[in-house]
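Subject: Structure for your files

Hello,

Here is the structure I said I would pass on.

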Amino acid sequence: MSTPVTGAPRPRSSFRARTTAGLTALLLPLAAMVGLASPAKAAASATASYTKVSDWGSGFEGKWTVKNTGTTALSSWTVEWDFPTGTAVTSAWDADVTNSGTHWSAKNKSWNGSLAPGASVSFGFNGTGSGSPSGCKLNGASCDGGSVPGDAPPSAPGTPAASNITNTSVTLSWSAATDDKGIKNYDVLRDGAKVATVTGTTWTNTGLTAGTDYSYTVQARDTADQTGPVSGARAVRTTGGGTDPGPGPGGKVKLGYFTEWGVYGRNYHVKNLVTSGSASKITHINYAFGNVTGGKCAIGDAYADYDKAYTADQSVDGVADTWDQPLRGNFNQLRKLKAKYPHIKVLWSFGGWTWSGGFGQAAANPAAFAQSCYDLVEDPRWADVFDGIDLDWEYPNACGLSCDTSGPAAFRNMMQAMRAKFGTNNLVTAAVTADASSGGKIDAADYGGAAQYVDWYNVMTYDFFGAWAAQGPTAPHSPLTSYAGIPQAGFNSAEAIAKFKAKGVPSSKLLLGIGFYGRGWTGVTQSAPGGSATGPAAGTYEQGIEDYKVLKNTCPATGTIAGTAYAHCGSNWWSYDTPATVTSKMGWAKNQGLGGAFFWEFSGDTANGELVSAINSGLG
């Protein structure tokens with residue numbers, strides 16, 4: 001029986017998880033995700049918080065909420081804030097709003113000024129511009145409940161840029177912080193420890209060690225000696241120190257996909273990479289997924305990407321997000337992760353199973369598409385977070401969720417445009433099909449011709465078989481090799497890798513794919529592969545698929561075939577990789593001279609990162 005090789009990171013599966021287990025995010029109107037309510041700065045007995053309710057490009061709707069947090073009644077209230085130049089209130093309701101230049105004040109109406117303890121009241125307004133409020137005061141005191149208005153601390157300086165890197169030195173420069181009383185000086189922190197205090201916005205660090213990784217941040221101090229938040233981190237590796245060890249120990253790439261939607265029902269966050277021990281064992285992260293629409297790269301989930309506020313206990317560095325910081329969400333957490341683990345490189349992956357339909361239009365003008373992607377990846381708000389781009393086109397000149405007819409040269413032309421735009425200092429990679437059948441998806445596009453433009457291909461050597469063939473036959477979804485009775489010739493890792501090599505792709509530019517999940521059927525009586533079934537087995541987020549961390553306990557492996565494991569428990573039959581089979585696959589990858597391995601995706605692993613550990617130790 002022939003079945004399509006989806007072979008891919010598939011938002012299709014995980015978006016279902018958000019539907020079943022993460023309704024909160026989906027029930028929010030998209031516009032509301034632009035700015036969720038967060039504490040601004042209120043009196044000892046009251047607080048005020050701001051929400052951007054909606055944003056339609058040329059204008060927006062804002063709302064302030066005043067709450068009496070004290071034990072006595074509040075007889076009146078006045079909220080004050082500053083907008084940057086270009087942002088203004090155009091109309092308001094439920095409060096009298098006035099301004100003096102960029103300073104705005106809102107006073108209660110005659111009928112809503114009195115607030116009993118615990119009560120709250122809101123007023124709203126329409127505005128123009130893209131700025132956010134700052135310097136909020138409620139009845140003359142800070143809006144977060146402080147008893148004294150006080151002097152606001154300075155803003156964060158810009159993420160430092162690094163230049164003139166030598167064996168023993170690096171020059172850092174950054175954009176200035178702002179403060180209402182003026183900036184006194186800046187502290188330069190290296191790997192979290194202060195190494196200098198300077199009055200300007202540039203500094204040269206000397207006396208460094210050759211061939212060593214460092215991480216730099218900057219923190220401003222105002223004339224009242226208050227320090228503000230630290231800047232984004234800049235990773236620096238000094239030159240020299242012998243031969244560059246490559247992307248990781250042994251020069252092998254060890255890459256994992258992190259899904260933006262995992263922060264919802266799966267409750268999996270960037271900090272989990274730290275607590276699991278995985279961060280120290282990987283070299284690269286693919287952040288999935290950006291959208292491909294209208295011939296351009298686009299944001300996938302703005303709230304998860306850069307707006308979700310993290311509490312101190314959820315944050316990588318134990319520091320909570322503030323309501324007015326310029327970057328929050330996964331992007332800021334990845335920035336903090338890179339500061340803590342400067343060896344990690346992060347790529348932004350675009351497309352995937354659900355969003356590959358847009359690649360056809362993008363392929364019509366690859367240079368314009370590459371420009372749009374570059375502009376998004378290098379957006380100043382998060383440019384330091386990303387070290388390159390990954391395209392997950394499923395599939396060029398072939399069928400996935402939809403069918404593409406761009407022609408066999410389209411993929412090569414797109415990767416050529418990407419390299420031309422992103423240059424040699426950024427990584428350019430692609431996730432590619434593993435369908436090695438005669439006339440199959442590998443044959444449909446010029447992967448050999450495109451290889452000169454990419455750093456590597458993530459060969460999606462999983463999802464060969466699954467319960468989309470509801471009656472079976474049961475088969476491992478990630479076979480390393482062929483075996484007697486395999487349902488489809490060419491559907492295995494070894495033949496996929498061999499076919500790419502035959503098309504001229506260097507071994508070092510091929511990564512072996514590992515699935516951190518299993519695929520399974522129910523109604524199965526036969527323990528060995530090849531049995532009949534009545535349909536997909538039940539899964540936590542979607543029928544027919546389940547995380548390794550669940551399966552290892554609920555349906556332990558009962559056998560192996562073609563280099564991967566399978567399990568028969570009750571009437572269910574599952575196939576998945578275990579630490580033992582991952583270790584053997586890594587040995588095979590090394591013998592093949594492959595560039596390393598990658599996996600889909602972090603949240604399927606155990607809390608202590610069993611599968612990541614197996615990849616790390618197996619590749620050496």
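**Disulfides**

The S-S torsion of Cys 136 and Cys 143 is about -70°, so this disulfide is left-handed. Please keep in mind that the model is predicted. The sulfur atoms of Cys 136 and Cys 143 are 1.9 Å apart. Cys 136 is buried at 3% relative accessible area, and Cys 143 is buried at 1%.

The search of the whole structure gave 4 disulfides. With the bonded cysteines of the chain numbered in sequence order, they pair 1-2, 3-4, 5-6, 7-8.

Another of them links Cys 297 to Cys 373, with an S to S distance of 2.0 Å. The torsion about that S-S bond is 70°, and the link is right-handed. Cys 297 belongs to strand β21 (residues 296-298) and Cys 373 to helix α8 (residues 366-377), so the pair ties together parts 76 residues apart in sequence. Cys 297 is buried, with 8% relative accessibility, as is Cys 373, with 0%.

Cys 399 and Cys 403 are also joined, S to S 1.9 Å. Their torsion is about 110°, so this disulfide is right-handed. Cys 399 is partly exposed at 37% relative accessible area, while Cys 403 is exposed at 53%.

**Asp 547**

Asp 547 sits in strand β29 (residues 545-547). Its relative accessible area is 7%, which is under the 20% cut-off, so Asp 547 counts as buried. Its side chain makes a polar contact of 2.7 Å with the side chain of Arg 266. Beyond its neighbours within four places in sequence, the contacts of Asp 547 include Phe 516, Tyr 517, Tyr 541 and Ser 603.

Regards

Technical notes. Residues numbered from 1 in each chain as written. Predicted model: local features only at pLDDT ≥ 70, side-chain atom pairs only at ≥ 80, totals over all residues. Heavy atoms only, no water. Helix = DSSP H or I, 4+ residues; strand = E, 2+ residues; numbered from the N terminus. Buried < 20%, exposed > 50% of the residue type's maximum accessible area, 1.4 Å probe, protein only. Polar contact = N/O pair within 3.5 Å; in protein donor to acceptor, adjacent residues only side chain to side chain. Contact = heavy atoms within 4.5 Å. Disulfide = S-S within 2.5 Å.
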